[in-house]
Amino acid sequence: MELWLSGRPVDLGPAKRRTVVAALLVDAGRWVTAETLIDRVWGDDPPAQVRATLYSHITRIRRVVTDAGPDLRGGADQPPATPSLLRGSGGYRLDIAPDLVDAHRFRNLVTRARRTDVPDAARVATLREAMGLWQGDPLAGLPGDWAARTRESWLHQRIDGVLAWADAELRVGGHVVVIDTLSALVAEHPLVEPLAVALMRALHAADRAPEALACYTALHRRLADELGTAPGAEARREHQAILSGGATAPAAPRPPAETGGGTRVRSERAGLVPAQLPMEAVGFTGREEELARLEKVLVAGADRPTSVVVSAVSGTAGVGKTALAVRWAHRARDRFPDGQLYVNLRGYDPDRPMTAPEALVRFLSALGVSDQDIPLEVDDRAARYRTELAGRRMLVVLDNAATVEQVRPLLPGSSSCAVLVTSRDSLAGLVAREGAHRLDLDLLPADAARTLLRRLVGARAESEPAAVDALAAQCARLPLALRVAAELAAARPATPLSDLVTELADQQRRLDLLEADGDPRTAVAAVFSWSLRHLPADAARAFRLLGLHPGPDLDAHAAAALTGGDLADTRRALDVLARTHLIQRVDAVRYGMHDLLSAYATRLATAEDTPAAREAALDRLFDHYLATAAAAMNCLHPAEAHLRPAAPESATPVPDLSDPDAARAWLNTERACLTAMSAHTATHGRPTHAIRLSLTLYRYLISGHHTDGLTMHGHARDAARRIADPASEARALLGLGTAYWQLARHEPARRHLQQALTLFRQADDLTGQARALVNLGLVDERLGRFLSAVEYLEQALVLYRRVDDRSGEAIALKDLASVEGQLGRHEQAADHLRQALTLLRRTGNRYLEAHALNDLGTVEVHLGILEEAARHQEQALALFLGVGDRYGEAGALHGLGVVHTRRGLHAQAAECHRQALTIYGQNGDRDGEARALNGLGEAARAGGRPTEALAHHTDALAIAEDIGNPSQQARAHGGLGDAHHTLGDTAPAVHGYERALSLYAELGMPEADTVRTTLATLTGGRP
């Protein structure tokens, strides 16, 4: 930090005094309280006489400023200014033009350049001026946490500005000038993905495609090493554009308005922009002062020193915190063109608050991160979340937070983002450490409360102003209570409002549910109770029982299960409750409940329904979910019904899931509720429900829902241990091991599967042993331990035959053939696959039949039967499309690509591999990505494009090394050798072949002989 006077720098003295100046300059022209200055300069350990010390520093700074007169400058070339350092009731204010402070000028220039009406040449000039303001680290040499946080914030702002500048330069052909700057920043911030993408774009524009591809490979390795993840959608798109040889235009400048209400629109930064804000409250009234304060803090927050602008709205239950936050967010969403994230943290739900790790999964999914790329540890998830948001202008709304700890992992690291938090708690820790701006939301002003009632009740409110005033007071001016009361009044148009006021007064005298005199929530409870007295009995009972539901929302079928009624009656009751604002519509068919109403409903159910009635309602609900989940799985995977527990009889109607699309849609929609059911039943006396749900959903969860699989199987394991059920524990461990295998976490996969195998053996469960052995074989196959994998699979085959399990036998034969094929035993593999197909067609297992056909085509390629191979893989692809198996679809496309390469159809081969790569990326299947990239490399070299082949095999090698797949590593090294050989690069070709030979020989794969012969030819017979 430097201060310039009359064209020369001035020595301000000790570091603390310079920090005081900095603390005033970041709020140039605004009042800064003494408490804030003390916190910024001395942090948590101020000296005993800190106010006197601060005043001493202020005095000396004022003397310097006064002596400077009109010549105080923000730099040697700045125009003169007339500053003053004022003291008042608000603290201290340094009056100086913000543009004389480099940090403010930088932000203003970047903001000006972002306007869509700015010509490209002017945008470049403006951003070049902004870049020129950076001269080393900001606030260098200033101590303390505040300086460190501010420094980090400004560095994030610099990155955002650099990205805008680089895009602008590329639009006018200035790619050369940005490469050095971007290269240095990528080296300094290796995990900030947008920087690497911008560098790739610049290198490609400069006809340096190999360097651009190397940049992507380096990014891939860094993310895998540091975060255990892969590059995001934008990086992958840029990578594919470079590989395809197409031009990559720089991103268009982001307009200030880009999104519409409730829609998802396309963005140059992240594909589909998340637009998760819920609907605004109908008839929102008042709060203009609070909205203005949020506007000032959050929109003008680029001038604030914190790394992320955070505002915390606190207040009692029902005061309208969510309505205010959503209202402001909708007003401001155009200022956040990269999207808006929203989550209800349910912080005051006693049984099911949402944890930060769960919220991070939701946010990362919305940001385009595939399930398999979401890290397992919360710190790693938070790091990936911050990486995804880096440089984006996004709004994050964290609703109903209970604690600071629930919020902190969800805070972005980029100053381009803003966060709005609502809570009943004051969140003092968030204010102290993160610099959050607190807004304490009080009751509605009397005028606003009356206005809201008049809007909701209608014209007759105008004729009874005294009754309106009384009703507003009875509702404690809480918006939630006012809405419920107004709806009841509107529903009884013939009853004078004064009669309703008298009726409510009587109810309030009788009711003391919360035993808290003067607590506004007492009035809320009275209004709720009053409203419920006028409901039909079935609707009132439905309201009570809905409070027992453990999930975030529900549909009419689940509501009918809770009430035990028929579907038509339940829908009518739900409509009544929605009209009276006792529940709210989430979408066309689903309903949710305010947490205060949920707590009230649960209390009523406890008071008015017997324990047996409540338990019966939950039994019906959980049996409904189990029965419907079983129906969905029986539709999608009928041949595996014997592996699932018998479905309970549902006492109430279940949706028609006879169509596969409907079955998949139900599972996807209800996944959050099913996960909540798993947690609730495992910990609230229904362990068998948690266990049966895990077993029922096994195949669905391993089809791409690995994070939920770890959660549900984990609850099932814990439930089984609580009731000392080792057989069920073994099945849950099998699910956990399979999920870890799909996440390429091989050691925990092996550990859980070995534990499962031990328990299955103790229980003498031969089928369970066989399943565990098959999955252990798959783990060893992935790791290149083929002989061990064969041993596991042969043991499984014996056990399946012993129990006459035809489907299991077919699975073991299919997986055994896959390993045999890699060992060069192609005739044996083909025979086993034909046996498997016979069994699978007898049992009608189209899902596994497709996999066996695909594997048979792969074997037939090695046997040279290319026409048969193509026919079988085309059949497999058709079956995969029919059953909706995206994993299998990608595998069949990869297999077809290999066949087309062998047949000389190089363009068709490349297209198949590209489609496979896209699907593998969407599924988060990194093993599949390595296979598809190697396939692309082989197709490119065979098609006469060896340079492109090098890039593909390099990327495949990076992934294969990350996940520990030696066979794909060997394939990539061999492909690199082939590409370099074609290019005449003998030394790197020899190196590639030597590495491939070493790996193939170690794995015992027949490709070792082919590579050995090629290497001998290339080296003139030298070993």
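Colleague: How do helix α44 and helix α45 lie relative to one another, parallel or antiparallel?

Modeller: In this predicted model, the axes of α44 (residues 966-983) and α45 (residues 986-1003) come within 7 Å and cross at roughly 155 degrees. An angle over 145 degrees counts as roughly antiparallel, so α44 is roughly antiparallel to α45. The crossing of α44 past α45 is left-handed.

Colleague: Which residues meet where α44 and α45 are in contact?

Modeller: On the α44 side they include P966, R971, H973, G977 and H981. On the α45 side, P988, Y993, R995, L999 and L1003 are among them.

Colleague: What makes up that contact of α44 with α45, by class?

Modeller: Nine residues are nonpolar, eight are polar and three are charged.

Colleague: Why is W165 called buried?

Modeller: The cut-off for buried is under 20% relative accessible area. W165 has 8% relative accessibility, so W165 counts as buried. This residue is found in helix α6.

Colleague: What is W165 in contact with, leaving aside its neighbours within four places in sequence?

Modeller: Its contacts are L127, R128, M131, V177, V178 and T181. As for R123, it is 42 residues from W165 in sequence, with 8.2 Å between their C-alpha atoms.

Colleague: How do you know whether H752 is buried or exposed?

Modeller: By the same test: under 20% relative accessible area is buried. H752 has a value of 8%, so H752 is buried. H752 lies in helix α33 (residues 746-762). Setting aside neighbours within four places in sequence, H752 touches R717, L733, L736, G737 and Y740.

Colleague: How does the span of helix α4 compare with what is expected?

Modeller: Helix α4 (residues 102-113) has twelve residues and reaches 16 Å from first C-alpha to last. That is close to the 16 Å expected at 1.5 Å a residue.

Colleague: Which residues of α4 are buried, and what do they pack against?

Modeller: A103, H104, R105, F106, R107, L109, V110 and A113 are buried. The buried residues of α4 pack against α1 (15-25), α5 (120-132) and α6 (145-171).

Colleague: What about the chain as a whole, in helices, strands and buried residues?

Modeller: The chain has 46 helices and 15 strands. Of its 1023 residues, 58% count as buried. Among contacts between residues at least 6 apart in sequence, 66% join residues at least 24 apart.

Methods. Residues numbered from 1 in each chain as written. Predicted model: local features only at pLDDT ≥ 70, side-chain atom pairs only at ≥ 80, totals over all residues. Heavy atoms only, no water. Axes fitted to C-alpha atoms, helices over the stretch in contact; angles between N-to-C directions. Helix = DSSP H or I, 4+ residues; strand = E, 2+ residues; numbered from the N terminus. Parallel < 35°, antiparallel > 145°, perpendicular 65-115°, else oblique. Left-handed = near helix turned anticlockwise from the far one by under 90°. Contact = heavy atoms within 4.5 Å. Nonpolar A, V, L, I, M, F, W, Y, C, P; charged D, E, K, R; others polar. Expected span 1.5 Å × (residues − 1). Buried < 20%, exposed > 50% of the residue type's maximum accessible area, 1.4 Å probe, protein only.
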